[in-house]
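Open the model in a viewer and keep the selection tool at hand. The stops below each say what to select and what is found there.

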Amino acid sequence: MILDHHQAPVRTGRAAVNGTSLHYRTAGSGPAVVLLHGVPKTGYHWRHLVPQLTPHHTVVVPDLRGLGDSARPADGYDSATMSDDIAALMAHLGHGAYSVAGEDWGAVIGYQLAARHRAHVRSLVFAEALFPGFGFEDHAALTHENVSAGMHFWHLGFYFQPDVPEMLIAGHERELIIYMIKNERSHPDSATPDAIEEYVRCYSMPGGIRAMLSIYRAMLVDAEQNRLAARNKLDIPVLALGGSAFIGDRNESQMRLFAHRVTGHVFDAGHDLAEEVPDEMAEVMLPFLAEHA
């Protein structure tokens with residue numbers, strides 16, 4: 001359960017948008033901000049940050065297409081389509097303008113949301129992600145540099161292969177999720193039992209792993225979408241956040257290819273900032289969001 005700053009459960013709902021159905025949570029009041037999670041997580045990833053935001057903002061926390069308790073359609077897992085899902089959800093909820101914060105795949109989707117729906121997005125917080133088409137794929141290579149830096153993304157090629165990953169992961173969702181989450185963190189104990197249970201529950205549901213793999217299998221499409229969008233840089237303010245043990249300051253240098261007004265911050269953490277260092281993340285995010293609300 002996610003609580004707001006009054007320790008009251010956040011509101012939940014479902015919305016039929018963009019040809020699918022999204023589960024979402026919402027709470028608070030003030031300028032709207034939408035929080036987009038990555039993989040293999042759900043909106044529950046933001047549970048520590050939500051009560052720090054709700055005194056100042058109306059917070060919307062969707063489960064992305066195919067993930068969490070959202071519907072698992074057969075297609076539409078490219079980042080542009082998934083960003084259109086979120087734009088439709090925010091319009092459905094009556095938010096004409098809002099800030100976006102995304103992490104991991106949610107950050108790439110958040111960028112596409114800002115690029116495709118510029119009239120509605122006030123600012124972007126981009127946390128711990130690499131862009132398909134701009135170096136992400138390079139980390140799939142078995143090289144000494146990738147391995148020694150802990151950035152050998154062996155799973156990219158594995159997930160891209162049709163059918164075989166589904167066969168091998170079935171019945172082992174828990175083991176995969178625990179390994180992926182704990183291995184990418186400086187603070188593995190921040191992967192608390194309640195979070196693990198929630199992630200395992202959702203990804204073990206029918207279609208859960210298939211939907212997750214579909215996101216990776218859309219990477220080549222994403223690469224083309226990102227290259228196209230990068231031709232016209234964002235003119236909104238962007239805050240690029242990294243963990244020193246994972247993508248680090250590369251979040252900022254990468255975002256400078258996509259936006260004119262970029263500031264950055266690196267935390268003593270790994271890949272999952274909102275669970276590893278939520279208080280520190282809130283201290284950096286809140287002034288940025290307030291300045292650009």
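Select Glu 283, which lies in helix H13 (residues 278-291); helices here are DSSP runs of H or I with at least four residues, strands are runs of E with at least two, and both are numbered from the N terminus. Glu 283 has a relative accessible area of 60% and is therefore exposed. The cut-offs are under 20% relative accessible area for buried, over 50% for exposed and partly exposed in between, with a 1.4 Å probe and protein chains only. The areas come from the Shrake-Rupley method with a 1.4 Å probe, and for residues only the protein chains shown count as cover.

This is a predicted model, in which local features need pLDDT of at least 70 and side-chain atom pairs count only at pLDDT 80 or more, while totals for chains, interfaces and linings use all residues. Residues are numbered from 1 along each chain as its sequence is written, and side-chain values use heavy atoms, with hydrogens and water left out.

Patch residues have over 30% relative accessible area and no salt bridge; like charges are joined within 9 Å, and nonpolar side chains (Val, Leu, Ile, Met, Phe, Trp, Tyr) within 5 Å.

For a nonpolar patch, select Val 164, Met 167 and Leu 168, which make one of about 290 Å². Leu 168 belongs to helix H6 (residues 164-169) and is partly exposed at 48% relative accessibility.

Next, go to Arg 14 in strand S1 (residues 11-17). Arg 14 is exposed, at 52% relative accessibility. Its C-alpha is 6.1 Å from that of Tyr 24, 10 residues away in sequence. Beyond neighbours within four places in sequence, the contacts of Arg 14 (heavy atoms within 4.5 Å) are Ser 21, Leu 22, His 23, Tyr 24, Asp 69 and Ser 70.

Asp 69 pairs with Arg 201, with the closest N and O atoms 2.7 Å apart. Asp 69 is in the loop between S4 and helix H2 (79-92) and Arg 201 in helix H8 (residues 193-203), so the bridge ties together parts 132 residues apart in sequence. Asp 69 is buried at 18%, whereas Arg 201 is partly exposed at 36%.

Now select Asp 272 and Lys 41, whose side chains meet in a salt bridge of 2.7 Å, N to O. Asp 272 sits in the loop between strand S8 (259-267) and helix H12 (273-276), and Lys 41 in the loop between strand S3 (32-36) and H1, so this pair joins parts 231 residues apart in sequence. Both Asp 272 and Lys 41 are buried. They belong to a salt-bridge network that also includes Arg 47, Glu 103, Arg 185, Asp 194 and Glu 275.

Select His 57, in the loop between helix H1 (50-53) and strand S4 (58-62). His 57 is buried, with a relative accessible area of 5%. Its contacts outside four places in sequence include Ala 27, Pro 31, Leu 286 and Leu 289.

Finish at helix H9 (residues 208-217), where 8 of the 10 residues are buried, so the helix is largely enclosed by the rest of the structure. Among the buried residues are Ile 209, Met 212 and Tyr 216.

Terms used. Salt bridge = Lys/Arg side-chain N within 4 Å of Asp/Glu carboxyl O.
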